[in-house]
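I opened this model to take notes on a few loops, strands, cores and a pocket. Entries follow in the order I looked things up.

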Amino acid sequence: MHASDLSRRSVLAGTAAGAATAAIVGLPSLQGRSQAMESMVGTATAASPYDWRNVVVGGTGFVTGVVFHPAVKGLAYARTDMGGAYRWDDGAARWIPLLDWLSQDDANLLGVESLAIDPARPDRLYLALGSYTQSWAGNGAFLRSDDRGATWTRTDLKVKLGSNEDGRGTGERLLLDPRNSDTLWLGTRHDGLLKSTDRGATWTAAPGFPPGPSASGQGVTLLVAAGRTLYAGWGDGDGTSAAVTLYSTTDGTKWVPVPGQPAGPAARMPMRAAYDSRAKELYVTYANAPGPNGQSDGSVRKLATTTGTWTDVTPVKPGGSDGFGYGGAAVDPQRTGTVVVTTNNRWSAGDTLFRTTDGGRTWTSLKDTATIDVSETPFLKWGKDAPTFGWWIQMVAVDPFDSQHIVYGTGATLYGTRDLKKWAPQIRGLEETSVLFLVSPPTGQAHLLSGSRDIGTLYHDRLTASPAGGLATNPLFTTATGLAQAAKKPSYVVRAGTGDNGNGAFSNDGGQTWTPFGSQPAIAEEAPGPIATTADGDVLVWSFVHWDGSKHPAQRSADNGATWSEVPSFPVGATPVADPADPAVLYAYDTGTGKLFASTDKGLTFTARATGLPSGDAGFQLAAAPGRSGDLWLSTKGSGLFRSTDGGRSFAKVASCEASYTLGFGAAAEGASYLSVYQVATVKGVTGVHRSDDAGKTWRRINDDQHQWGWIGQAITGDPRIPGMVYLATNGRGIQFGQSA
């Protein structure tokens with residue numbers, strides 16, 4: 001790691017502070033620096049300020065919408081399916097996160113269903129938040145800002161929104177009424193159309209909107225203004241000739257089916273709409289399913305709003321082996337008749353952007369002349385020699401001040417161009433990774449290894465640049481399910497994950513290069529789970545858990561994965577943990593029964609030790625303190641934190657915290673006799689990132705209310721070489737690293 005990578009530069013400015021219902025909240029006085037808010041127990045010294053920044057990967061998530069402001073050059077906003085909203089800083093050429101203040105209790109709100117701007121008032125911004133509509137998810141929320149997202153006023157909704165569900169690429173579902181800037185419309189999936197006349201402070205069912213809401217389907221898929229007429233897309237049609245998928249209103253009180261609208265499978269569901277105000281033409285993209293997966297038919301239609309005439313302007317009609325839907329739609333405000341649309345779920349020929357300059361009479365595929373530069377984010381090659389144009393392309397936007405500046409979102413990044421030919425990720429500052437595993441090696445070039453959903457494993461030799469080697473390959477995983485390092489032989493690392501060409505691999509150079517296991521148990525292909533290696537790297541223990549929750553017996557290998565044998569005494573589905581000091585010892589915590597199991601013969605047999613511990617939650621985590629044998633810490637969420645110093649034969653509850661979600665260790669503070677312990681925990685009623693330098697007697701909070709990042713209970717680790725350095729996994733905001741200022 002280069003010294004410059006660890007400089008104490010402040011984090012990105014502009015994050016907003018935590019919000020309460022109908023309350024305005026502001027930025028801290030030192031914008032961008034995280035002022036630690038202490039939650040002290042006992043007599044520990046006062047906390048020092050912490051700087052927080054993202055470990056750079058570069059995107060890695062689904063950017064579902066970008067809106068350029070029509071009156072302010074360089075002002076744009078982006079929404080993501082599960083990673084918050086961003087404002088583009090044109091001077092710094094990077095995205096500024098706007099929702100990092102969302103707490104763990106509000107993690108469902110980190111998904112942005114829709115956003116809206118006020119064309120006449122550039123400082124106003126509106127967001128509709130909510131990731132899931134399932135029964136276990138909380139209701140959505142509505143935010144409004146008068147300072148471009150620096151502060152917010154929040155209104156809790158009585159309905160659920162689903163930004164990370166099927167249909168996430170439709171929209172926008174939120175619209176400012178062009179006739180009255182205090183009036184907003186919000187399309188929901190299962191609760192019809194809502195209206196607010198006080199800028200989102202209160203919401204009621206929209207009058208005169210005829211479709212009946214349903215408990216399934218997509219509901220209102222889009223809202224768009226064409227002059228003073230509003231249009232609403234309806235996603236619950238059955239694809240027949242009688243289905244109504246587009247409604248309009250001229251007075252806001254009565255919604256009627258748009259005459260002559262297209263019907264049939266190719267026009268079953270309206271996805272996006274864009275209005276050419278000069279030509280007075282509305283372009284609508286359609287698909288036969290909400291996407292991003294499952295689309296096989298679609299079309300692009302144009303409505304002349306003054307005459308009511310519809311025209312089929314589909315660039316290429318899907319059919320046969322070339323099935324796909326249409327998604328994004330954007331007009332060029334500077335050039336009449338210039339429109340860009342996207343294909344989606346086109347696996348045979350690959351997705352593309354089609355552009356027309358003559359109102360849809362002819363189209364050009366921008367992919368056909370594109371060159372793509374991913375040197376700043378090499379993972380986008382996905383283990384191949386060159387990147388593709390992308391997939392899940394359900395949004396596109398044209399800069400109103402630059403006709404050749406176009407951006408489009410994929411399932412992994414946001415590509416942009418300034419000349420319609422050369423494309424590169426326009427993603428700096430936007431990090432959406434859902435992180436599952438973190439390892440900070442005690443030696444070697446890399447200070448961090450990570451395992452994530454969708455992008456597998458990464459080797460971070462620098463924290464401020466996307467890993468030069470891209471994704472770990474040989475084999476390539478889509479999602480990591482396990483990552484472990486041999487404590488006494490840190491050059492040896494093992495990983496497991498989902499993939500098409502093997503599900504486990506080892507490295508003898510600290511994770512830079514990989515070799516697949518010589519063989520693997522048959523169950524590994526469909527149920528790869530967590531994996532551990534003994535402290536000397538001689539033995540592997542691999543647990544198997546299917547995505548549907550079913551568990552299977554663990555397997556052991558004593559020859560680096562060449563052969564495997566079942567371990568009948570290992571608690572099925574548990575996570576194996578190696579003792580970092582004794583190569584003969586491994587542990588496993590059975591979250592179903594609340595029992596701690598241990599092996600003293602390198603994983604051949606496991607026997608129960610402590611019993612009667614908290615049970616019933618698969619998310620409970622066991623951690624072993626580095627350099628010590630038998631020093632175990634157990635995080636059991638709301639049941640608290642437990643510690644054993646006798647190898648799991650007995651545990652004592654750590655009284656200094658009320659809840660513990662994940663725990664890790666880092667280099668000891670100067671003068672301290674024990675490692676620094678980091679955990680995501682609740683201490684004195686405050687949930688956050690906490691640090692202890694006295695073996696858990698006292699804790700201090702090292703994040704603040706402006707830096708919470710939603711759900712952060714998956715993984716945390718300190719750096720074993722740099723006192724005070726900590727790495728934190730988030731579910732949608734990538735890897736955060738904090739450093740004592």
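**Entry 1: Thr 534**

I began with the side chain of Thr 534. One of its polar atoms lies 3.3 Å from the backbone nitrogen of Asp 538. I then looked for a side-chain partner and found Asp 536, joined to Thr 534 by a polar contact of 2.8 Å. The model is predicted, so I read these distances as computed values.

Where does Thr 534 lie? I placed Thr 534 in the loop between E39 and E40. Is Thr 534 buried or exposed? Its relative accessible area is 0%, and the cut-off for buried is under 20%, so I logged Thr 534 as buried.

I listed its contacts next, skipping residues up to four places away in sequence. Thr 534 touches Ala 486, Val 539, Ala 578, Pro 583 and Leu 586.

**Entry 2**

E39 covers residues 528–533, and E40 covers residues 540–545. They pair in the antiparallel sense over four bridges. Pro 528 stands opposite Phe 544 in E40.

I checked burial along E39. Six of its six residues are buried, so I noted the strand as mostly covered.

Six residues sit between the strands of this hairpin. Among them I picked out Gly 537, which takes a positive phi near 80 degrees.

**Entry 3: the E12–E13 loop**

I turned to another loop threonine, Thr 188. It lies between strand E12 (184–187) and strand E13 (193–196). Its relative accessibility is 0%, so Thr 188 counts as buried. A polar atom of its side chain lies 2.7 Å from the backbone oxygen of Gly 192. Beyond four places in sequence, I found that Thr 188 touches Val 159, Leu 161, Arg 173, Leu 194, Gln 218, Gly 219 and Val 220.

His 190 is found in the loop between E12 and E13. What does the side chain of His 190 reach at 3.3 Å? I found the backbone oxygen of Ser 214. A polar contact of 3.4 Å also joins the side chains of His 190 and Thr 133. Outside four places in sequence, its contacts are Thr 133, Pro 213, Ser 214, Ala 215, Ser 216 and Gly 217.

His 190 and Asn 293 are 103 residues apart in sequence, and 20 Å apart from C-alpha to C-alpha.

**Entry 4: sheet pairing**

I traced an open sheet of four strands. The order is E15-E16-E17-E18, with antiparallel pairing. Which strands are at the edges? I noted strand E15 (220–226) and strand E18 (256–257), each pairing on one side only. Strand E17 (residues 246–249) is joined to E18 by two bridges. Within that pair, Tyr 247 has Pro 257 as its bridge partner.

I then looked at E23 (residues 325–331). Seven of its seven residues are buried, so the strand is largely enclosed by the rest of the structure. Five bridges join E23 to strand E24 (residues 339–344), and the two run antiparallel. Val 331 has Val 339 in E24 as its bridge partner.

**Entry 5: nonpolar cores**

How many residues does the largest nonpolar core have? I logged 22. Leu 353, Ile 406, Tyr 408 and Trp 423 have the most contacts inside it. Strand E28 (395–398) and strand E29 (406–409) each supply at least two residues of this core.

Leaving out residues up to four places away, its contacts include Leu 353, Leu 366, Phe 389, Ile 406, Tyr 408 and Tyr 415. Asp 373 and Thr 417 are also among its contacts.

A second, separate core has 19 residues, including Ala 85, Val 112, Leu 125 and Leu 127.

**Entry 6: the second largest pocket**

Which element gives the most to the lining? I found E19, with five residues. Elements that give two or more residues include strand E3 (63–68), strand E7 (112–117) and strand E11 (174–176).

Notes. Residues numbered from 1 in each chain as written. Predicted model: local features only at pLDDT ≥ 70, side-chain atom pairs only at ≥ 80, totals over all residues. Heavy atoms only, no water. Buried < 20%, exposed > 50% of the residue type's maximum accessible area, 1.4 Å probe, protein only. Polar contact = N/O pair within 3.5 Å; in protein donor to acceptor, adjacent residues only side chain to side chain. Contact = heavy atoms within 4.5 Å. Pairing = 2+ DSSP bridges. Core = buried A, V, L, I, M, F, W, Y, C linked by side-chain atoms within 4.5 Å.
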